[in-house]
Amino acid sequence: MDSAAVEERLVKIWETPPTAQGWFSTVDHKEIGKRYLVTAMVFLIVGGLEALIMRLQLARSNQGFLTPEAYNQIFTMHAMTMIFWYASPILSGFSNYLIPLLIGARDMAFPRANAFTYWSFVTSGLFLYASVAFRQSPHAGWFAYPPYTDSLYSPGLGMDFYALALLFLTISTTVGAVNFIVTIFRLRAPGMAISRMPLLAYSTLTMSFSAVFSLPALTVACVCLELQRHWGFHFFDVAYGGSALLWQQLFWFFGHPWVYIVFLPATGMISMLIPVFSRRPIVGYPYVALSTVLTGVVGFGVWVHHMFAVGMSHMSMSFFSAASMTISVFSAVQVFAWIATIWKGRPVLTTSMYFALGFLASLVIGGLDGIVTAVIPIDWQVTDTYWVVSHLHYVLVGANMFPVFAAFYYWLPKITGRMMNEALGKASFWVMFIGFNLAFFPMHLMGIAGMPRRIYTYPPGLGWDGLSMASTVGAFILGVGILLSIINVIWSLQQGALAGKNPWNADSLEWSTDSPPAPYAFVHIPTVRSRHPLWDDYDEEFDPGDQRVYDQGRLTIASSLLDAEPVALGKMPEDSFAPLLLTIALVIFFSGALAENLWIVLIGALAVIPAMGYWLWPQHERVVA
Amino acid sequence: MSTIHAGQAPVEVLLQPLGIDQARGRQGMLLLIATEASLFVVLFFAYFFLSNGDWRWLQQEPPKITYALVMLAVLLSSSAVLRWGEKQVEAGRFAQGRSAMGLTVLLGLGFLVLSAFEYREHLKHLAPQTNSYGSIFYTITSFHVLHVIGGLLMLSYVLLLPRIGRTDRPPHRAYSDAASYWHFVDIVWIFIVGILYVLPNLR
């Protein structure tokens with residue numbers, strides 16, 4: 001068969017029709033990945049606007065344009081939006097789009113489950129933001145310590161929105177994590193042994209295992225909170241034998257692995273693009289891969305460092321302090337590998353590389369002040385001050401947002417098919433970088449000067465005024481920087497130069513597809529012979545007999561776990577409404593729980609059954625002529 | 001940058017025809033079980049945390065153990081029956097496999113009836129609202145009951161499927177996947193009996 005006919009046939013098999021029906025039923029990982037990216041960016045903008053409102057309130061002492069309750073709701077919504085609905089989903093978006101392309105598969109292992117993770121992610125976010133309509137948003141910070149969050153001290157719906165929206169999101173994230181694991185375990189192109197796997201696959205894999213084992217702690221915590229708030233159970237109140245510390249243990253057992261969940265895939269993306277722009281393979285590939293995995297493992301042993309100030313035995317504090325310092329070793333291995341790669345290579349300073357370097361600088365600052373905070377006496381001194389706010393923003397903005405922007409400048413040409421404007425990009429980087437440091441570095445000093453976090457205003461004359469004003473100015477500059485990049489995206493969609501298949505001369509498989517990739521991605525399923533498929537002299541799609549076209553339906557190759565030897569053909573499902581229906585059932589369920597109406601809860605739970613039944617029922621296959 | 005030499009020959013194995021992949025669903029089910037297992041680990045952690053690390057709650061009447069042991073027997077026999085059913089399905093005897101699964105569903109329903117009785121007995125002197133012990137006790141056991149219901153729904157669904165043997169049309173291996181989930185639910189009950197019922201009764 002000639003190649004045009006083959007391609008036409010593959011398009012017919014894999015394409016989702018551009019109709020409303022297609023829009024709601026698509027299971028294409030590229031479409032879902034794009035939706036994830038756009039939705040998470042919208043959450044970033046919303047969360048950013050909330051941050052700016054807070055900075056306006058705090059710019060000067062004794063400001064009164066937000067009431068204390070409004071301030072509490074805004075800072076809590078800011079934290080939840082950024083941590084749960086931006087930082088992790090944006091990385092899921094990249095992984096969703098890229099992982100199948102990186103490993104030479106035509107879709108994720110469970111495409112319908114993948115659609116479900118998107119629908120439930122976006123509806124759980126809308127569920128949370130429905131609280132704004134009631135003017136009863138969560139108000140107790142993202143870690144929501146009882147007894148403050150008990151119904152006695154937090155009446156109203158706010159904390160119920162918190163618990164239920166997180167439970168909803170947890171389902172989405174867990175399903176997504178399982179999907180990533182099975183995809184990477186099972187769908188790698190023949191020859192892509194684990195010793196040749198792209199580092200983004202390593203970090204996504206580690207992140208997914210962390211999610212599978214840590215999210216149940218959040219589930220238990222939120223269920224217990226709801227049971228205590230509305231059904232008279234006693235978990236966190238001392239009067240009935242409960243313990244407020246139980247919440248802290250459960251929450252941070254989830255919470256610290258979560259820090260790595262929003263951090264590791266970002267390092268994976270950096271490990272992909274620094275070698276490309278340094279024009280050489282990464283230095284110490286096995287060490288980077290290993291330290292990624294070890295970060296995930298040791299990440300389960302450091303949660304108590306969030307609780308040093310609650311009063312514990314010396315033994316356990318020393319253990320967790322040591323573990324917290326240990327984990328920095330693995331990050332350091334990665335940092336040194338990146339620096340060595342740049343050092344030994346011939347770096348090309350694209351916008352993407354600027355953001356990667358900005359990331360390195362902020363990660364080192366945030367990482368070092370993290371190590372300092374792991375020293376217990378210092379922790380006692382700075383707990384609940386702006387020092388901690390500064391540290392967590394250096395780590396989260398520095399180690400999540402900068403890599404995300406680096407990744408956008410690197411991969412958007414693949415996703416949209418058009419290049420971004422480099423000059424505007426570099427301007428955007430400098431504005432963001434200056435704004436970021438101006439916004440968050442003074443917070444270190446405010447923390448040392450004793451300014452507590454989460455206060456809605458403060459009296460003058462404590463040495464916080466100037467620093468606060470500087471921080472506010474910095475936050476607005478950071479906002480302008482982000483705006484410049486958004487303008488850049490819009491500009492590039494209209495008039496960016498066409499990217500072609502591999503504008504950066506990169507090494508990984510996604511760059512062998514068209515930009516944007518065809519629905520089937522690869523005409524011939526690639527086979528891999530080295531760690532850098534596009535830099536070696538082996539043609540991955542070399543297949544003169546059309547043996548690896550697989551055009552008898554939606555098919556891709558399933559391979560063995562370690563050596564990626566082809567073992568079977570993976571059959572992929574057709575487009576389906578089932579994921580959306582299941583999400584709707586869950587919305588009914590959680591709305592009922594919010595309204596404390598057991599009948600609606602029951603209806604939602606019962607609606608899950610036909611949705612799942614419809615989903616799993618053996619389908620008749622569409623025959624493509 | 002010099003080119004990396006990787007050889008030109010394609011991977012030869014591909015010339016052999018490949019069957020339809022049956023393993024992804026299996027891996028997904030095992031990961032679901034892993035995350036559910038950590039859910040119960042966390043619940044047991046909460047139990048020990050609230051008891052101040054003791055395996056016996058001081059000033060707390062230990063629960064009566066009879067019902068729990070009968071329920072354990074019911075669940076273990078249901079797992080044995082289902083295991084037998086899995087072997088039948090592997091050997092191609094689908095009718096026997098289906099009957100085994102039907103019997104498992106009945107035993108599971110028996111478990112639910114028994115747990116209703118056990119709750120009625122238990123609630124006479126301990127309510128979830130009584131204290132933290134009641135709260136965590138009923139939370140753990142009712143989480144388990146919900147998992148039993150989920151498992152029963154899975155098993156009944158498999159019974160409805162037109163084919164339970166090896167098939168090229170998804171869901172593949174529905175029988176053994178649902179069975180694995182059911183075995184997991186049973187194993188959780190072993191831990192619940194051990195931790196919530198037996199240990200507090202040891203003096």
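In this predicted model, the buried residues of H2(B) are Ala68(B), Met71(B), Val74(B), Leu75(B), Ser78(B), Ser79(B), Leu82(B), Gly85(B) and Val89(B). They pack against two helices of chain B, H3 (94-123) and H5 (174-201). In general, an α-helix has 3.6 residues a turn, so residues three or four places apart point the same way.

Helix H2 of chain B covers residues 66-90, 25 residues in total. From first C-alpha to last, H2 reaches 36 Å, close to the 36 Å expected at 1.5 Å a residue. Just after H2(B), Gly92(B) adopts a positive phi of about 85°.

| Peptide bond | Omega | Location of the second residue |
|---|---|---|
| Pro146(A) to Pro147(A), cis | near 5° | Pro147(A): loop between helix H5 (111-133) and helix H6 (158-186) of chain A |
| Ser515(A) to Pro516(A), cis | near -10° | Pro516(A): loop between helix H16 (465-495) and strand E1 (555-559) of chain A |

The loop between H16 and E1 of chain A also holds Asp546(A) and Tyr550(A). Asp546(A) is a residue other than glycine with a positive phi, near 50°. Tyr550(A), likewise not a glycine, has a positive phi near 50°.

Are these residues buried or exposed, or partly exposed? Asp546(A) is partly exposed because 13 other C-beta atoms lie within 10 Å, whereas Tyr550(A) counts as buried because it has 21 C-beta neighbours inside 10 Å. The cut-off for a buried residue is 20 or more other C-beta atoms within 10 Å.

Key:
Residues are numbered from 1 along each chain as its sequence is written. Chains are lettered from A and ligands numbered from 1 in the order in which they are written. This is a predicted model: local features need pLDDT of at least 70, side-chain atom pairs count only at pLDDT 80 or more; totals for chains, interfaces and linings use all residues. Helices (H or I, at least four residues) and strands (E, at least two) are DSSP runs, numbered from the N terminus. The expected span of a helix is 1.5 Å times one less than its number of residues. A residue is buried if 20 or more other C-beta atoms lie within 10 Å of its own, exposed if 12 or fewer, and partly exposed in between; C-beta atoms are placed from the backbone. Two residues are in contact if their C-beta atoms, placed from the backbone, lie within 7 Å.
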